[in-house]
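This report works through a single protein chain, residue by residue and then as a whole. Please keep the sequence and the coordinates at hand while reading.

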Amino acid sequence: MLKAALSLFITGLIFGSGPCLASCGPILISYIAATKKNMLEGVAAYLLFSLARVSVYIGLALGVFFLGEFVFRGWLEGLSKYVLILGGGFIVIVGVSLIYGRKFVKERKSPIAMGAIIGLLPCAPLLAVFSCIGLASKSWMQSFTYSFCFGVGTILSPLIALSAFAGLVPKFLTEKREKYLKIFNFICAAIIILLGARLIRDGFLR
């Protein structure tokens, strides 16, 4: 069991530097750059985002264990359309609220919600990992341990450093000119809106 857990942790490290970096990076970095004021706040937002995502990963692995791969995949495929549409709508609202002074953005809840949404939309390689974990586990506790080790591996990603750096950007721009900061925030918000709109589009195309 220890050997398998270590292997999944290493697999998580690989995913965290590859697929997870590509799928989570744009939306998370844009959000942090537009809302955070220093490195610590940027890293804190990343950790909230990642913990929510990993919690969903654990739930998915347990779903495979209890329901079986084919039943679970069918359930997740049916659910994904609504996650895409509703999750994309939430992300669009976050982006719009950033343009209008963050009136509707909850500083702590938004990263958690975005992490959960991303977690519920796993790519094919991630689904394969969850299927292997669920089917290879002999108990729900074993499935939990394996998925937890994998999830921790994904957290130890270059995104930590990028999140910290993103938290510094607004401060740097403020020291230069307030006008540059407003333009930068608008660009970050626009990226978030576009990413949310793409999720909505993908949901309607399913």
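## G95 and its surroundings

Leaving aside residues up to four places away in sequence, G95 touches A189, I192 and I193, where contact means heavy atoms within 4.5 Å. G95 belongs to helix α4, helices (H or I, at least four residues) and strands (E, at least two) being DSSP runs numbered from the N terminus. G95 counts as buried because its relative accessibility is 0%; the classes are buried under 20% relative accessible area, exposed over 50% and partly exposed in between, with a 1.4 Å probe and protein chains only. Between G95 and I27 there are 9.9 Å in space, C-alpha to C-alpha, and the two are 68 residues apart in sequence.

## Basis of the model

The model is predicted, and local features need pLDDT of at least 70, side-chain atom pairs count only at pLDDT 80 or more, and totals for chains, interfaces and linings use all residues. Residues are numbered from 1 along each chain as its sequence is written, and side-chain values use heavy atoms, with hydrogens and water left out.

## The chain as a whole

The protein chain has nine helices and zero strands, and along the sequence these follow the pattern α-α-α-α-α-α-α-α-α. Of its 206 residues, 44% count as buried. Among contacts between residues at least 6 apart in sequence, 85% join residues at least 24 apart.

S147 is found in helix α7, which spans residues 140-155, and counts as buried because its relative accessibility is 1%. A polar atom of the S147 side chain lies 2.8 Å from the backbone oxygen of S143, and a polar atom of that side chain lies 3.0 Å from the backbone oxygen of F144. These are polar contacts, that is, pairs of N or O atoms within 3.5 Å; within protein, one atom must be able to donate a hydrogen and the other to accept it, and residues adjacent in sequence count only if both atoms are side-chain atoms. Not counting residues up to four places away in sequence, S147 touches Y57, I58, A61 and I133.

Y31 lies in helix α2 and is buried, with a relative accessible area of 0%. Y31 and A45 are 14 residues apart in sequence, and their C-alpha atoms are 9.1 Å apart in space.

## The largest pocket

The largest pocket has a volume of about 570 Å³. On a 1 Å grid over the protein atoms alone, a pocket is an open set of points where a 1.4 Å probe fits, with protein on both sides within 12 Å along at least five of seven lines, and lining residues have an atom within 4 Å of a point. Grid points are joined across faces, edges and corners, and the volume is the space filled by probe spheres set on them.

The lining has 24 residues, of which L84, L121, P122, C123 and L199 lie nearest the centre of the pocket. Helices α2 (19-35), α4 (69-99), α6 (124-136) and α9 (178-205) each supply at least two lining residues, and the largest share, six residues, comes from α4. By class, 17 lining residues are nonpolar, two polar and five charged.

## Cysteines

The count of disulfides comes to zero, a disulfide being a pair of cysteine sulfur atoms within 2.5 Å. C132 counts as exposed because its relative accessibility is 54%, whereas C149, at 18% relative accessibility, counts as buried.

Technical notes:
Ala, Val, Leu, Ile, Met, Phe, Trp, Tyr, Cys and Pro count as nonpolar, Asp, Glu, Lys and Arg as charged, and the others, Gly among them, as polar.
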